[in-house]
Amino acid sequence: MPEPTDFTSRFTSRRGLLLGSAAVSAGALLTGCTSNDSKEDEQAASNQPAADDQPGKEVTIGFAGPQADHGWLNAINDNAKNRAKKYSDVTLEITEGSNDTAAQIGQIETLINKKVDVLVVLPADGKALTQVGLKAMRAGIPVINLDRIFNTPQAYRCWIGGDNYGMGLNAGHYIGEKLKGKSGARVIELAGIDNLELTRQRTQGFDDALKNYPNIRKVARQAAEFTVESGQAKMAQLLQAQSNFDALWNHDDDQGVGAMRAIEQAGRDDFLMVGGAGALSAFQAIKQDNGVLKATVLYPPTMAASAIDLARALGQAKGIGGMAEYEIPASITLYSAVVDKTNVDQYMSTGFK
Amino acid sequence: MTQPVSPPRDSADKMPSANEPPAWRALVFRADVRTLSLLGVLAVLILIGGVTKPDEFLDTRNLQLVLTQASVIGVVTVGMTFVITSGGIDLSVGAIVALASVWATTVATQEYGFAGILFTAVLVGVGCGLVNGLLIAYGGMVPFIATLAMLASARGLALQITDGQTQIVSVSSILDLGERDAYVLGVPPLVMVFAVVTIIGWLVLNRTTFGRRTVAVGGNAEAARLAGIDVRRQRLYLYLLSGLCCGIAAFLLIILSGSGQNTNGNLYELDAIAAAIIGGTLLSGGRGTITGSVLGVLIFTTITNIFALNNLQSDVQQIAKGAIIVAAVLVQRRTASTT
């Protein structure tokens, strides 16, 4: 398909596109190999030891994250810990989470001095922690940068994180498909904290997706604060402002708990709701299918487990399975899958509280 | 005196008579100019709301909505007004609401149902207030520092209890109170609690010895002590009162949001202080008005409501909110100095 205009083709090609581009860029960057000969690639891949569950060389991984003051970050810590426990050859040095930039820099410097083999860092503030990422890399400790990105690629060996723009895009496409054929459809958006870049990216993705559906108009948008309390307050106002609309996208399942409470209190059920992030309560509501919530768009906390996998593979000088590359990619963007009734069981165990 | 039966206005102006106290006049005099100017600000806001969104704003459901959203912070502000009137400050109100709301919604507490949740929320609030009060009244700590310390530790404890997770309430008798079916004659239960707390607060501040002592301590603590008031005990009671209000507010918030979260009550301290100050309570103490505080809360909630109904984004909301605070205070100053 030369010009993918309809939703399904864009939707399905996205995963391939991302993996492909990550693989291509990694290959170009790290090995300088630009060969397109598939036979050669296959041979290379078969010679490359990929990391697997078999115990290998002992690896000490240092993990530094922000204070786990909400469900998603808490799930990040749990994912990292549980993944590390799974491997007998991995020792995890985990720091006390901190939202204070200076404190987090200190913690990471301590890990550098301890000479851990690999660092996994989820910075409280990506830009502010760039220097300490650079310091670790210069000290010969490869850094896996988790989610909140450093200022420069020099500060990490591999970045892995979620796709905020993709969340908005997929939420918009899901709603677009559901409202297909409905003329004059009205959509509202309950955003997260407005002065965060991720909120603007999510909104941008959502707006871009809706452009594909000329029958849909976004009639209102209010920003909450990722908290239950703010979700309830803002949603109650939105419901009063819009006496009829067809769909709602809520950026975050935590504030969604409050938003759904407001919807219940207003006695409204005349629209469909799509959430964001992937909280357990949202999965359960989708599975029960007795309210307005029909789907949620993932921002998967399992990325922390993947980061541990990547760190272990780096520490053991191995590649990752399922790819033709000698080396681990420089950048991995996760896919913001839409979870609805049809596939919710598969994701239930990843839901966070 | 030109007429044998003079209208009350004339008699009051020209010849105040002890036999015929004009009741309406006394009422107007008592409602001081500040309160009237606040009512003016609120009237202007209602006019703006009514003009920009006539259908959505001038609607019973919207009135219910605004009053419901004002209830939680309103109850906190009543307690805060007492503390500020006494010359103190309570920076820990938001953190106490957070701690009380998460403690009251743990799995263990929820097993005790409605009473367990209510009891825990109030007890945690009072407990925190007691610690604040003891530190300030008998530990000699400055209120700013003592309650700042409480803010930090209560938030920390709330985080420790929840582990960052959202605690969803499954007790149906609690949840039902937030539904429309629970409204009595169109009044939501939350609003009733807010009204009762306001009335009691008004009576206590204006009609009891406790209220007069509070004003006296705020006006001049040394003079109050010399006049025989136990200033330290009075201060202890005031922080207890503020804690109690936080506990009640936490309970209302649990009903409203159907959950407990450690992020609850975010920046309540600033909202409550702002509402009290705009209402006419002196930050330096010695003068306090419950009516003004409640009007302050209603003004803020109405602004938020009008902005949301007009789909204005948070950047505009924040700028306008700041401007309105300044405008309201300036208007008050002017009206107060010219009359």
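Which residue of S8(A) is the bridge partner of Leu190(A)? I will come to the answer in a moment, once the ground rules are set out.

What you have before you is a predicted model, in which local features need pLDDT of at least 70 and side-chain atom pairs count only at pLDDT 80 or more, while totals for chains, interfaces and linings use all residues. Residues are numbered from 1 along each chain as its sequence is written, and chains are lettered from A, with ligands numbered from 1, in the order in which they are written.

Let me start with confidence. The term pLDDT stands for the predictor's confidence in each residue, on a scale from 0 to 100. Chain A has a mean pLDDT of 87, with 86% of its residues at 70 or more. Within chain A, the lowest confidence falls in helix H1 (residues 7-30), with a mean of 43, and the highest in S8(A), at 98. Residues 1-46 of chain A have a pLDDT below 50, and this stretch makes 38 contacts in the model beyond near neighbours in sequence; two residues are in contact here if their C-beta atoms, placed from the backbone, lie within 7 Å.

Now to the opening question. Helices (H or I, at least four residues) and strands (E, at least two) are DSSP runs, numbered from the N terminus, and two strands pair if DSSP finds at least two bridges between them. The bridge partner of Leu190(A) in S8(A) is Asn250(A). That pair belongs to strands S6 (residues 185-191) and S8 (residues 247-250) of chain A, which run parallel and are joined by 4 bridges.

These strands sit in an open sheet of 6 strands in chain A, with the order S7-S6-S8-S9-S10-S12 and mixed pairing. At its edges are strand S7 (216-223) and strand S12 (338-340) of chain A, each of which pairs on one side only. Ignoring direction, neighbouring strands of this sheet are turned against each other by 20° on average, where axes are lines fitted to C-alpha atoms, for helices over the stretch in contact, and angles run from 0 to 180 degrees between N-to-C directions.

Two helices packing on this sheet deserve a mention. Helix H7 (residues 197-210) of chain A touches S6, S7 and S8 of chain A, and its direction makes about 170° with that of S6(A). Helix H10 (residues 280-288) of chain A touches strand S9 (272-277), strand S10 (293-298) and S12 of chain A, at about 140° to the direction of S10(A). In H10(A), the buried residues include Leu280(A), Phe283(A) and Ile286(A); buried means that 20 or more other C-beta atoms lie within 10 Å of a residue's own, exposed means 12 or fewer, and partly exposed is in between, with C-beta atoms placed from the backbone. Among the elements covering the buried residues of H10(A) are helix H9 (253-266) of chain A and strand S1 (167-168) of chain B. After H10(A) comes Asp289(A), whose phi is positive, near 55°.

Chain A also has an open sheet of 6 strands in the order S2-S1-S3-S4-S5-S11, with parallel pairing. Its edge strands are S2 (90-94) and S11 (331-333) of chain A.

Consider strand S4 (residues 143-146) of chain A, which is covered on both faces, with Val143(A) and Asn145(A) buried on one side and Ile144(A) and Leu146(A) buried on the other. On one hand, 3 bridges join S4(A) to strand S3 (residues 118-121) of chain A, running parallel, and Leu119(A) has Val143(A) as its bridge partner. The chain passes from S3(A) through helix H5 (residues 130-138) of chain A to S4(A) in a right-handed β-α-β crossover, meaning that, with the strands pointing away from the viewer, the path from the first strand over the helix to the second runs clockwise. On the other hand, S4(A) is joined by 3 bridges to strand S5 (residues 158-161) of chain A, also parallel, where Leu146(A) is partnered by Ile160(A).

Finally, chain B. The contact between the chains takes 31 residues from chain B and 31 residues from chain A. On the chain B side, the largest share, 4 residues, comes from H5(B).

Val76(B) also lies in helix H5 of chain B. Why does Val76(B) count as buried? Because 32 other C-beta atoms lie within 10 Å of Val76(B). The residues that Val76(B) touches include Val93(B), Cys245(B) and Tyr268(B).

Notes:
Lists of a residue's contacts leave out its neighbours within four places in sequence.
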